Amino acid sequence: MTVQQEHAAGESAAGHLKPNTIGIPGMVFMVVAAAAPLTAMASNLSLGLAFGVGGGMVGLLLLVGALLAIFTAGYVVLSRRVFNAGAYYAFIGFGLGKATGAGAAFVAAIAYNLAAGGMIAATGYFTDIAVSTYAGIHLPWYVYGAVALIVTAALGYIGVGIAKTVTTVISIAQFAIIIWLGIAIMIQRPGGFSMDVFSPDRMFDGNIALSLVFCILSFSGFEATAIYGEEAKAARRSIQVATYSALVLLVLVFMGSTWSIVAAFDDVQAVAAEDPGSLIFRTADIYLGSWAGGALSIIVAFSFLASGVAFHNMASRYMFALGRSRLLPSRFATVHRRYGTPYISGAVQIAISIIVLAPFVIAQSDPIINLFPAVSGITSLSLTALMIGCCISVVVASFKGLVNEGIWSSRLAPTLAGIGLTSICTIIIAHYQEVTGSDSLVVALMPLLPVIGAIYGAVIYRRGRGRDLEQHLTE
């Protein structure tokens, strides 16, 4: 077969991802991989403990988890009717119109592309820690990051079948070490586990905006279940069960691991502030033995890689969906003849990650202190706005008669979740400079990227450049 024939064969499959390739366990672990508990402890949650509300992070995680549980009631209503590789944008378009959905698509694509780049940088950072610990070799983080990009591209090219296997193994390893460390702390320092972490005085004392950003980001893979709807077995049931299962699992893991770290020290905020990136390793050295920190750094590096793979897949599927609807060039919707993967979109995603990381490489910036807050702010705002859009969409769809579920799931729950998420979004915007920790004008203006993307998507759809989303939305 010639290259032209292979491309033609691929084009003939454009618009259709390979079905029945992922079940409920695989979907759950793809969510867990994106959230990556150990990566959260080594980055998001450690930064929140250091510069946010300290031990109050435990209570905030429970609060955000409860809010997301309410949100999920309406989210599942939409997932029963809409199947698309760009889940949030299809969900928003279902109730609020295709132009609004097209705008949301670009917001999501920007958010996931930035998140994918951030995870690759973190993979390089923590791989360097692991290698220097065991081999005494110290290389720049971007050298390992380049290797991570190659691995991510390969796994994305082959498909979710192998990706889910890799991420499942890594996720199980994360759970094992988190549980082991938690038990060790509980045995050696049982008095550290205080219910005080759930008191309002602890939860809202400090940089609440920064803490909320990192809590939201801890659940940033939440949409993955619906994104894989087209590739899922028994999609309706799989999405519902996988979404609730993943949420419960993540709440328990994040709360348990964060509470353990808080219990491990008299003043966790002061200890974390010394070096947030090494907090989890120092804790492991103290409670598991001097060998544990180095071993844990290896698992953390792999968990960041798994998270990078998950976000790569999510971002590439969004661009695939945009290409399928002609909001991006139709080549983005090309599916590989053998693997059934959106390999053109995947290649573009890798290129975007390189573009995102290049300025930080050139500036020799610390990826955890400098890159993560900048990426986290814009990603959390984007994802929160998309969830608000879903809440509004399901309520509007209910009043239009497009859904017939009960009043709780179609109206009350989305309204309550929308109010809560809007409050979080407002707090983040009002304290955005504190969130990023930067007074740079460039960083301050970064939230304009998704705004510009939303306007662009809506405008090009209204001008007739986008194809009718309903051709690919409903069963």
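**Salt bridges, helix packing and buried sites**

The side chains of D196 and R202 are joined by a salt bridge, with N and O 2.9 Å apart. A salt bridge here is a side-chain nitrogen of Lys or Arg within 4 Å of a carboxyl oxygen of Asp or Glu. D196 counts as partly exposed, at 35% relative accessibility. R202 is also partly exposed, at 27%. Buried means under 20% relative accessible area, exposed means over 50%, and partly exposed lies in between (1.4 Å probe, protein chains only).

The model is predicted: local features need pLDDT of at least 70, side-chain atom pairs count only at pLDDT 80 or more, and totals for chains, interfaces and linings use all residues. Residues are numbered from 1 along each chain as its sequence is written, and side-chain values use heavy atoms, with hydrogens and water left out.

The salt-bridge rule gives a count of three. One of them pairs R189 with D266, whose closest N and O atoms are 2.4 Å apart. This pair links distant parts of the chain, 77 residues apart. R189 sits in the loop between α9 (160–188) and α10 (200–203). D266 sits in the loop between α13 (235–263) and α14 (268–274). R189 is partly exposed, with a relative accessible area of 24%. D266 is exposed, at 73%. Another salt bridge is formed by E274 and R282, with the closest N and O atoms 3.2 Å apart. E274 is exposed, with a relative accessible area of 61%. R282 is partly exposed, at 23% relative accessibility.

The chain has 23 helices and zero strands. Helices (H or I, at least four residues) and strands (E, at least two) are DSSP runs, numbered from the N terminus. Of the 475 residues in the chain, 62% are buried. Contact means heavy atoms within 4.5 Å. Among contacts between residues at least 6 apart in sequence, 82% join residues at least 24 apart.

Two packed helices are described by the angle between their axes and the distance between the axes. Axes are lines fitted to C-alpha atoms, for helices over the stretch in contact, and angles run from 0 to 180 degrees between N-to-C directions. Angles under 35 degrees count as roughly parallel, over 145 as roughly antiparallel, 65 to 115 as roughly perpendicular, and the rest as oblique.

Helix α5 (residues 57–79) and helix α18 (residues 367–399) have axes that come within 9 Å and cross at roughly 55°. The two helices are therefore oblique to each other. The crossing of α5 past α18 is left-handed, a term for a near helix turned anticlockwise from the far one by less than a right angle, with clockwise being right-handed. On α5, the contact is made by L68, F71, G74, V77 and L78. On α18, M387, C390, C391, S393 and V394 take part. These residues divide into eight nonpolar, two polar and no charged. Ala, Val, Leu, Ile, Met, Phe, Trp, Tyr, Cys and Pro count as nonpolar, Asp, Glu, Lys and Arg as charged, and the others, Gly among them, as polar.

Helix α8 (residues 141–158) and helix α17 (residues 343–362) form another pair, with axes that come within 10 Å and cross at roughly 170°. These helices are therefore roughly antiparallel. W141, Y142, L149, T152, A153 and Y157 of α8 meet Y343, I350, S353, I354, L357, F360 and V361 of α17. The contact residues divide into 11 nonpolar, two polar and no charged.

Helix α6 (residues 87–96) is mostly covered, with nine of its 10 residues buried. The buried residues are A87, Y88, Y89, A90, F91, I92, G93, F94 and G95. G97 follows α6 and has a positive phi, near 100°.

S46 lies in helix α4 (residues 44–51). At 0% relative accessibility, S46 counts as buried. Not counting residues up to four places away in sequence, S46 touches A40, M41, A272, P276 and L279.

T384 is found in helix α18. T384 is buried, with a relative accessible area of 0%. Its contacts, not counting residues up to four places away in sequence, are I216, L421 and C425. The C-alpha atoms of T384 and V213 are separated by 9.5 Å, and the two residues are 171 apart along the chain.
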